[in-house]
Amino acid sequence: MARLLAVDDPGVDWSGTRVLVRADLNVPLEDGRVADDARIRASLPTLRHLLRSGAGVAVCSHLGRPKGRPVPELSLRPCAERLAQLLVRRVDLLPDCVGTEVARRVGALRRGEIVMLENVRFHPEEEQNDPGFARRLAEGFTHYVNDAFGAAHRAHASTEAVAHLLPARAGLLLRREVEVLSGLLERPARPFVAVLGGAKVADKLPLIEQLLTRCDRILIGGAMCFTFIAALGDPVGASRCEGPEEQRLALGLLEAAGRLNCALELPLDILIADRFAEDADLEVVPSDAIPDGWIGVDIGPQTQASYREAISGAGTVFWNGPMGAFEIPPFAEGTRVVAEAMAASGAVTVAGGGDSAAALAAFGLEDRLTHVSTGGGAALELLEGRTLPGVAALPSA
Ligand code: ADP
Ligand code: MG
């Protein structure tokens, strides 16, 4: 894929420009405070680059799902406050993202000044990719920068339509995300091992289909393994498992793997619990012998060892989806083993998916991988081989 033109590429003198930056500041909030500021921190390199280069910046984002009307609890105020702390400078929150007052403040932006616009999803036209709304968003700006990789799979006014109205560039985070993730598909160092878990085969079907054509081995864990196990005719007890249609699709994947010479590996053993609770009774059983009434909650120790070995011998590892219900500590060991094996590996190691990134952060390992994607859905869509509208709208060299 052609190289995206980003804010640090030649061709734009930022000095004296007024730049609309679309960032992904869709952070979790708790009691009106930012509970996890990872996404805000991820936007800093681009913002700092622009401010240092003499631009005036207005940063915009969505937050939550206000469904096209102002919802005070989904104001970006906590994000503006946190951004001001991180940048150690004043960041005013404007009362809206469009309108006369906003255009006046944008027109008056000084070099090195930064303001934040209010939640773009307070307007229904945002999610409709409305061209008139995009024109109002662009008002007063000289340039547009998209650094919101986590929203790049949506064709919305602030991610798509507006990119056609102003000279546009990619932000540094968005460019890195696209380079690393498309690099997995284009030129992976071999062997290329994917570790896939999480909730459902149905969610990940197009991803698995794409990875079957690229990977040497795919290691399955998480609740999705029970759909495969049931498809092979083995009992899954009370484990989370999808229905006959998904099981049919799972069988199709196993057949395709054989044809494509990709080893699609299921767990050898399973950690089972009598209840879905921290103080449950636990046992380890072979994956084809889960007793009635018991719930598979994690991959077992033999599987952990085998997956660890596969990861340490890999040239490239991509991981999506926890190996077990890791939110409950006694069910987190398989996920931890995968995360630690990736951290210890000399391979190119990439993780994607909201829960997988949360698990890495909980283990304190997020800085030990080559790349942890900030975009759950966007990362998976890119790896499925789909074009992301927010990326396609940006210029490349
Ligand atoms: P990601 O966000 O990384 O793409 P998913 O959303 O697909 O991952 O899946 C994560 C969820 O899957 C977690 O909430 C986890 O508890 C759940 N999960 C994983 N294994 C199991 C299991 N054996 N039983 C029930 N839930 C599971
Ligand atoms: Mg998830």
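Start with ligand 1: the space it takes is the second largest pocket. A pocket here is an open set of points on a 1 Å grid over the protein atoms alone, where a 1.4 Å probe fits and protein lies on both sides within 12 Å along at least five of seven lines; lining residues have an atom within 4 Å of a point. A molecule sits in a pocket if more than half of its atoms lie within 2 Å of its grid points. Before going on, some housekeeping: this is a predicted model, with local features needing pLDDT of at least 70 and side-chain atom pairs counting only at pLDDT 80 or more, while totals for chains, interfaces and linings use all residues. Residues are numbered from 1 along each chain as its sequence is written, chains are lettered from A and ligands numbered from 1 in the order in which they are written, and side-chain values use heavy atoms, with hydrogens and water left out.

So who surrounds the ligand? There are 20 residues around ligand 1, and K204, N320, E327, D355 and S356 come nearest (near meaning a heavy atom within 4 Å). Look for the polar contacts, pairs of N or O atoms within 3.5 Å. A polar side-chain atom of E327 is 2.6 Å from an oxygen atom of ligand 1, and an N or O atom in the K204 side chain is 2.7 Å from an oxygen atom of the ligand. A325 uses its backbone instead: an N or O atom there lies 3.5 Å from a nitrogen atom of ligand 1. On its own the ligand has 580 Å² of accessible area, and the protein covers 86% of that (Shrake-Rupley method, 1.4 Å probe).

In terms of elements, β14 (295-299) and α13 (354-362) each give at least two residues to this shell, with α13 supplying the largest share, 3 residues. Helices (H or I, at least four residues) and strands (E, at least two) are DSSP runs, numbered from the N terminus.

Now for the largest pocket, which has a volume of about 780 Å³, taken as the space filled by probe spheres set on the grid points. Its lining has 28 residues, and A38, A42, V372, S373 and T374 are the closest to its centre. Two or more lining residues come from each of α1 (38-42), α7 (172-186), α13 and β17 (371-372).

Finally, check the loops. Between α7 and β9 (192-196) you'll find P191, joined to R190 by a cis peptide bond with omega about -5 degrees. N129, in the loop between α5 (124-127) and α6 (131-138), has a positive phi near 55 degrees.

Terms used:
Polar contact = N/O pair within 3.5 Å; in protein donor to acceptor, adjacent residues only side chain to side chain.
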